[in-house]
Structures are given as structure tokens and as C-alpha cells.
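Work through the exercises below with the sequence and the structure at hand. Each task is followed by its solution.

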Amino acid sequence: MSVATHWGSFVAVVESGRLVRIEPRGDDPAPSPIGPGMVTAADDGARVLRPAVRKGWMEGLPRTGEAARGTDAFVEVSWDDALTLVSEELLRVRSRYGDSAVFGGSYGWASAGMFHNPQSQLQRFLALGGGYTDSRNTYSTAALEVILPHVIGGAPWSYQSRMPVWEEIAGHCELVVAFGGLALKNSQINPGGLARHQTRDWQRKCREAGVRFFNVSPIRSDAAGFLDAQWLPVVPNTDTALMLGIAHTMLVNGWHDQDFLDRCCTGFDRFAAYLTGESDGIVKDADWAARITGISRGTITDLARRLTSQHSLIMVNYAIQRADHGEQPIWMSVVLAAMAGSMGRPGGGWGAGYATMDATGVAPGRPAVASVPRVDNPVADFIPVARIADTLLHPGRSIDYDGRRLTLPELRLVYWCGGNPFHHHQDLHRLTRAWQMPDTVVVHEAWWNTTAKFADIVLPVATSLERDDFAAGFSDPHLTAMPKVREPAGQARTDHHIFAALADRLGYEREFTRSRTEMEWVRHLYEQTRAGLGDGAALPDFDVFWRESTAELPVLNGPFPGDFAALRADPRRSPLATPSGRIEIFSEEIDSFGYDDCAGHPTWFEPVEWLHAEASQRFPLHLISNQPASRLHSQYDNGGHSLSSKIHGREPVTINRLDAAARGIEDGMIVRVHNDRGSCLAGAILSDDVMPGVIQLSTGAWWDPAQPGQSGTMDGHGNPNTLTADRPCSRLSQGPSAHSALVDVEIYSDPLPQVRAFTPPHLEH
Ligand SMILES: Nc1nc2c(c(=O)[nH]1)N[C@H]1C(S)=C(S)[C@@H](COP(=O)(O)OP(=O)(O)OC[C@H]3O[C@@H](n4cnc5c(=O)[nH]c(N)nc54)[C@H](O)[C@@H]3O)O[C@H]1N2
Ligand SMILES: Nc1nc2c(c(=O)[nH]1)N[C@H]1C(S)=C(S)[C@@H](COP(=O)(O)OP(=O)(O)OC[C@H]3O[C@@H](n4cnc5c(=O)[nH]c(N)nc54)[C@H](O)[C@@H]3O)O[C@H]1N2
Ligand SMILES: [Mo]
């Protein structure tokens with residue numbers, strides 16, 4: 001039977017009704033090892049088996065501000081009682097505080113599957129019941145999503161189909177400069193699933209075709225060895241300064257593409273005055289950039305020369321914008337590409353997110369696949385996704401967001417489903433304090449992870465292996481059937497089943513389910529997809545698809561609206577969807593917002609926390625909390641593959657040998673990583689692949705704090721968000737800035753605390 005996950009498609013081996021193995025599919029050239037490790041987690045001790053209610057909540061203790069969430073015991077109850085509690089609490093909160101008091105933003109990656117998408121199910125359920133406060137943008141790319149429409153126009157994600165695909169890069173490009181690298185660990189993933197991992201082979205083809213790579217990153221292994229990339233270990237968060245130094249060098253030597261800037265861009269003159277220092281007295285030359293970035297003047301000059309004399313492509317990843325002023329490196333990278341001369345030429349110019357997800361750069365697009373029908377949300381309130389703790393702590397406060405003023409709503413009931421805020425949010429002790437504010441937190445989870453332990457009502461949910469569905473990954477033309485390969489653990493139910501039962505109590509079950517069974521929905525969405533295909537394209541009917549497990553949609557080729565080749569050919573006939581119709585090097589609109597942390601053109605702003613900040617005297621190491629190679633975020637941290645990567649049960653932290661030697665740290669030792677926000681344990685790996693002054697601790701170890709909420713209390717498992725700052729990128733995007741955090745590391749010599757991350761809370765019956 002086929003299995004589809006965000007980390008690829010697999011085959012489930014089922015013997016006498018029992019799932020015994022998950023194996024790679026024969027036709028996947030680079031299957032992810034995360035898949036096989038799912039089997040042991042399916043029945044581990046961390047599964048939520050029955051609905052459970054937090055004891056203090058049940059007893060109606062004072063609910064606001066008291067730090068019981070996260071430390072309390074739970075009482076297991078029947079489904080009937082649990083559904084009554086949730087439906088009555090929804091009614092109470094809605095009637096007392098209004099519909100905007102219900103938070104349904106519920107950010108998170110959930111699982112593959114077009115029908116059983118928990119956020120779609122939750123939001124359909126909440127919208128039919130009166131509405132909810134939503135969240136906007138993503139933790140992945142909030143800064144990019146807000147800045148790019150100002151600069152190149154179009155929908156936030158439209159760049160994905162407007163940038164070169166690997167085939168064009170291999171065919172035409174001579175030079176790739178990758179800011180943040182292009183790590184294959186990340187291309188294991190594709191949102192919604194994928195049939196075949198292709199990024200590794202495409203990168204190989206590019207190298208074989210002679211493309212030269214530069215990996216601009218604090219970490220050498222962000223480029224695969226076979227790329228022979230030149231490593232430029234840049235001081236974290238200084239990419240904008242590096243790009244400005246390159247741009248200045250191009251400008252003063254007259255190497256830049258003046259014709260493209262004149263015809264297809266607007267505002268270069270004002271930006272040039274910033275580069276030369278005419279507008280602010282600071283010359284952004286190579287020497288200036290070298291002092292900030294640690295990249296030598298010679299290298300900067302060399303890059304400026306190569307980028308303009310060769311067919312070049314500037315790549316940016318997503319991590320560089322999950323940082324203080326994260327809008328700037330994205331904006332500046334577009335400007336640098338426009339100056340370099342390859343914008344709009346095949347395989348050249350600019351692109352984002354290569355290798356952050358497998359399908360990016362593999363195929364430009366595919367037809368839409370039907371999903372759970374959205375219901376208009378009667379509530380207009382939303383928050384920028386990463387402002388959840390601010391909202392809980394400061395209802396009524398107003399904040400800036402992309403030229404608007406938003407008033408943070410008062411949230412009384414938080415409903416989370418398909419995400420793990422106690423993994424993904426920054427400064428988890430602050431989140432813990434904020435999390436005590438609402439009256440009620442409802443969570444659907446399959447495992448007792450940190451978010452489940454911090455809830456009031458936990459409803460056990462079936463995993464993607466325990467229900468029928470089909471997968472259609474982002475930009476991937478392959479559809480994969482997802483038949484149930486095992487029965488739900490304990491009393492777990494699907495999210496849809498839970499919402500249907502709640503809707504029944506609330507009087508709108510038929511509107512919610514449209515009187516379809518789950519399998520009828522799956523069939524319906526597939527058939528709708530089939531019917532939506534234009535002439536000439538065809539999918540087999542549902543029964544054939546279900547039997548054969550896969551089907552293929554056509555690949556769509558451009559040109560797509562906003563295409564840079566069309567812009568270069570004739571900017572008047574093919575304008576971009578920006579106010580000027582051109583690439584906005586200067587944005588009158590952003591300038592008019594008057595923000596002190598996002599000006600009218602790309603600007604170097606010093607991050608609050610970076611290696612040249614004053615705070616680095618106390619905390620001299622820059623923490624890179626990148627995506628884990630061994631799992632997807634926090635998912636399957638309890639799976640076999642992630643568990644095998646731990647050191648004495650703790651998350652590995654990679655430290656440069658010099659920094660380790662200065663602290664007496666040896667390979668395999670347990671260390672304490674700390675700053676004023678918190679501390680955690682991790683297992684040391686010494687390496688020269690991480691530049692001195694930087695440590696790398698991936699995200700996703702289930703948070704295991706000794707005393708949640710109290711700063712300084714230690715997480716024994718190694719979740720970096722105990723250390724990161726909950727500080728918005730800027731007033732423009734309000735995005736998360738996880739990659740701007742300073743820390744220090746020391747040997748931990750006290751007795752090791754037990755890892756309780758995978759142990760359920762105390763459960764009473
Ligand atoms: N420090 C730091 N923090 C970061 C980042 C970083 O780089 N550094 N990266 C950020 C980024 S890019 C992202 S995208 C976020 C990711 O943050 P999340 O998307 O919140 O992380 P996941 O671990 O994928 O959480 C998904 C949760 O949904 C549950 N789940 C899966 N399927 C289902 C289902 O069908 N129903 C229900 N009810 N639950 C389900 C899983 O068990 C899991 O607990 O993290 C962000 N946080
Ligand atoms: N295996 C695996 N793959 C994943 C995910 C996962 O959880 N696991 N998550 C997926 C998701 S949701 C997303 S959004 C993408 C994220 O894709 P990215 O954001 O691109 O991925 P990261 O691993 O966070 O960061 C990649 C590298 O950027 C470098 N970097 C960090 N800060 C800086 C900086 O200031 N300057 C420069 N030049 N480099 C810097 C780090 O060395 C880091 O290894 O990955 C996806 N792929
Ligand atoms: Mo992400």
C-alpha cells in the first residue's frame with residue numbers, strides 16, 4: 001500500500017493487518033530515511049490514546065495568568081464528555097466575547113493529504129460556526145512574502161513559477177551564488193508530498209554541465225560536496241551588507257547592466273546615492289562590506305566581476321530572511337540580480353528557495369488540485385502569524401503591518417490543530433507566559449508533544465497512516481493514493497470526524513460534511529480535480545487511481561504572469577504587477593509608510609543580536625537554528641531516524657573546533673547552551689564545517705523545560721527556541737527572526753536530567 005508524506009512517497013508493508021515496515025519506493029532516486037522511522041512512533045508510549053482534560057481546567061481554577069498549563073495532570077474522559085466540553089466552551093466564548101475571541105490561525109505543517117488537512121477542516125468548522133481570528137503569512141517566509149509583492153509584484157509565492165528551473169540552470173548558467181546555500185538535507189521535504197526526489201540529481205547535472213557554485217553561508221555543508229562550491233563563510237545576518245558591497249563595486253566600475261536598470265526597474269538613482277554614500281555619508285564599498293561580513297575585499301570584487309561578466313544566477317534561501325530585518329537581503333538580492341545582467345535570461349537572474357523544498361526549480365507548475373472547500377470567515381481580524389505571544393499578552397495593542405495598523409484581538413479560546421507552537425515559536429518561555437492568558441486551549445494531537453501538554457483539552461487524532469486520502473505535493477505533478485495502512489491508535493479519530501461530531505452538537509453537521517462520508521469526500525476531490533483539467537489533459541477515474549496508487553497531472557510551462565524574460569523583452573507590453581510596472585529598487589509605497597526599520601530601498605540595518613553587537617561580549621556565539629536533517633520540524637522527533645541522531649538522548653549541536661577548544665568541549669560531551677532567555681542541553685559535535693563564532697542547533701527537539709515560563713530554567717532536550725528572540729523582522733512584515741540570537745556554550749557536568757519529552761503527562765482516569 002502506498003504512503004505519502006511531506007518527505008516523500010513510500011510503500012507500507014502490512015502483514016496480517018499489522019504495519020510492519022515502511023520502505024522506499026523503487027522509483028524514488030533519493031528516498032528520505034525519515035519514512036521508515038515512522039513505524040515505531042505509530043504505537044509508542046507518547047501516543048494520545050483517549051480524550052484528556054487538564055485537571056486545573058476541569059476544576060475551574062482561576063484561569064488567567066496562573067502558570068498551570070504545561071505542568072498539570074490530565075484526566076481522561078469519554079469522547080462524549082470531551083465533545084460536550086468543547087462545543088459548550090465554543091458557545092460560551094462566542095456569546096460572551098464575540099467570534100474574534102476564537103483563534104483558529106493554527107499555523108503548522110500537519111501531514112500530506114488533500115482532504116484531511118487539519119487547518120482546512122478546522123477553519124471550515126470555525127467559519128461555519130461564526131468565524132475566528134486568523135493568522136497571516138508563514139514562519140517560513142513571512143518577510144519574503146510581504147516584501148516581494150512590493151518589489152516584483154504578484155502573489156507572495158508567484159516567484160516560484162517565474163524563476164529558472166534546474167534544467168535551464170544546467171543548460172545556460174555559468175555561475176550560481178547561493179546566499180544561505182542549497183542544502184540537500186532540506187530537499188527531502190516537499191509540502192504535501194512528492195513522488196520522486198529530484199533536486200540532488202539536478203544539482204549534479206548542473207555541476208557536470210560546468211556551473212560554478214558559491215556557497216555564501218556560515219555552514220560549509222549547506223552545499224553538497226559534489227558541487228565543489230567555493231565556501232564563503234559569512235558573518236550571520238550580514239548578507240545585505242555583502243550584497244551592497246558587491247553592488248557598489250559593480251557600480252563604480254561600470255560593470256552593471258544600466259540598460260536593464262533603465263528600462264525594467266525604477267528608483268536605481270536613489271539607491272545608487274545610498275551605495276555611494278551621497279545620501280547618508282557612508283560609502284558601501286568592498287572595504288566597508290568586508291569589515292561587516294568577514295568576506296575579504298578581494299573576494300567581493302571578484303564576485304562583482306564574475307556576476308556581471310558571466311551568465312549568473314543569484315539564489316537566496318529562506319533562512320536569511322528569518323532574521324532581524326529579514327526583508328532586506330531578499331529585496332537586495334533582486335536588486336543585485338537586476339544589476340548583474342542576467343535577469344530574464346534563461347537559467348539566470350534571480351530565484352529563491354532552491355533546495356528548501358524538492359519541487360522548487362524542478363517543474364514550474366501543475367494544474368490546481370481540489371481541496372476542502374473554504375468557507376468565508378465572517379471575522380475580519382487576523383494577526384501576523386508570528387505575533388501570537390504578543391496578541392495573547394497585549395490584547396488591544398496596535399501594531400504596524402505592511403502599511404496598515406492592526407489592533408491585536410482579545411483571544412479567549414485557542415484552537416490548535418496540525419501545528420506545534422511549542423516547537424515553532426521563538427522564546428518559548430515568553431510563549432509559556434502568554435499561553436496562560438486564554439480561558440481555554442483545545443488541541444488535536446496524535447502524540448503528547450509539548451503543545452499537547454500545554455493544552456486544556458487534548459483530542460487524540462488519527463495520523464496520516466490511519467485514514468484514507470490522496471496527496472498532491474506543492475508543484476509536484478504526481479498524485480499519490482493514501483489508503484489507511486493501520487487502525488487508529490487507542491480511541492483516536494480523524495480531525496474531520498471530530499469536527500463533524502462537534503458540528504452535529506452545534507447544529508450544522510450537514511453544512512460541514514455536506515452529507516458525504518470521508519471516502520466520498522476523497523473521491524469527490526479527486527473527481528473535481530479531474531473535471532477541472534483543460535482539454536487534452538486526462539486523469540484516470542478514481543477507482544483506477546486508487547487501485548494503481550498514482551496518477552500524473554500535466555506539467556505547466558510558462559510564461560507565467562510577471563515573467564522576467566517578457567519584462568526584459570518589452571517592459572511596456574509585459575509590466576510587472578507593481579505600482580510602476582517595473583522592478584521596484586525604490587518603492588514609493590514602502591517609503592510612504594515611514595518605518596524606521598524598513599526604508600524605501602534596500603538598506604543595511606544592524607541586527608540587534610549579531611557577532612558585532614555589544615551583547616556578543618557576554619554571548620559570543622551566533623546560534624543558527626536551521627531545519628533538522630533527521631525529521632520535519634518536530635514531526636517524528638520520536639521516530640526511529642530522529643532518535644538515532646541524538647547524543648545521550650539530546651539534540652546534537654555543531655560547534656567549531658576552535659570555539660570548543662576554548663571551552664574545553666570535546667566531541668560527544670553534553671553541553672549547556674544558554675543566554676538570558678533560557679538554556680538547553682545538547683550533545684556536542686565538533687566540526688570545521690561551521691565557521692568560528694557560530695553554533696548550529698537544529699529545530700524540533702520536543703521542548704522539555706524543568707520549570708516552564710521561568711527564564712533561566714533549563715530544557716533538557718535541546719530545543720533552540722528556548723534561546724531565540726520573539727522579535728519581529730520589522731514593522732513591515734512582523735515576521736519571525738529566529739536566526740538572530742546570540743548564545744554561549746559550556747560543558748554540563750551536573751547529573752543529566754532524564755529526558756521527559758516523550759513521556760505523557762500524569763493521566764488520571
Ligand atoms: N528557531 C527556529 N524556529 C523555527 C524555524 C527556524 O528556522 N528556527 N523554522 C520555522 C518554520 S520555517 C516552520 S515552517 C515552523 C514549523 O512549525 P510546525 O509546522 O508547527 O511544526 P511541525 O513539527 O511540522 O508541527 C506539525 C504538528 O502537527 C501534528 N500533525 C500532523 N498531522 C496532523 C493531522 O493530520 N492532524 C492534527 N491534528 N495534527 C497533525 C504533528 O504531530 C505536529 O505536532 O517552525 C518555525 N520555527
Ligand atoms: N529535512 C528538513 N527539510 C526541511 C524542513 C525540515 O524541517 N527538515 N523544513 C522545510 C521548511 S518548512 C522550510 S521553510 C525550508 C527552510 O529552508 P531554509 O530556511 O533555507 O533552511 P534552514 O535549514 O533553516 O537554513 C539553511 C541554511 O541557511 C544558513 N543561514 C542561516 N542564517 C544565515 C544567514 O544569516 N546568512 C546566510 N548566508 N546563511 C544563513 C544556515 O547555515 C542554514 O543551514 O526547509 C524545508 N525543508
Ligand atoms: Mo517553513
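**Exercise 1.** State which helix holds His-423, and decide whether His-423 is buried or exposed.

Solution. His-423 is found in helix 15, residues 421–424; helices are DSSP runs of H or I with at least four residues, numbered from the N terminus. Next, take the accessibility: His-423 counts as buried because its relative accessibility is 9%. Buried means under 20% relative accessible area, exposed over 50%, partly exposed in between (1.4 Å probe, protein chains only). Last, list the contacts (heavy atoms within 4.5 Å): leaving out residues up to four places away in sequence, His-423 touches His-633, Ser-634, Thr-699, Gly-700, Asn-719 and Asn-721.

The model is predicted: local features need pLDDT of at least 70, side-chain atom pairs count only at pLDDT 80 or more, and totals for chains, interfaces and linings use all residues. Residues are numbered from 1 along each chain as written, chains are lettered from A and ligands numbered from 1 in the order written, and side-chain values use heavy atoms, without hydrogens and water.

**Exercise 2.** Identify the atoms of ligand 2 that lie 2.6 Å from Lys-185 and 2.8 Å from Arg-631.

Solution. For Lys-185, an oxygen atom of ligand 2 lies 2.6 Å from a side-chain N or O atom. For Arg-631, a nitrogen atom of ligand 2 is 2.8 Å from a backbone N or O atom.

Key
Polar contact = N/O pair within 3.5 Å; in protein donor to acceptor, adjacent residues only side chain to side chain. Helix = DSSP H or I, 4+ residues; strand = E, 2+ residues; numbered from the N terminus.
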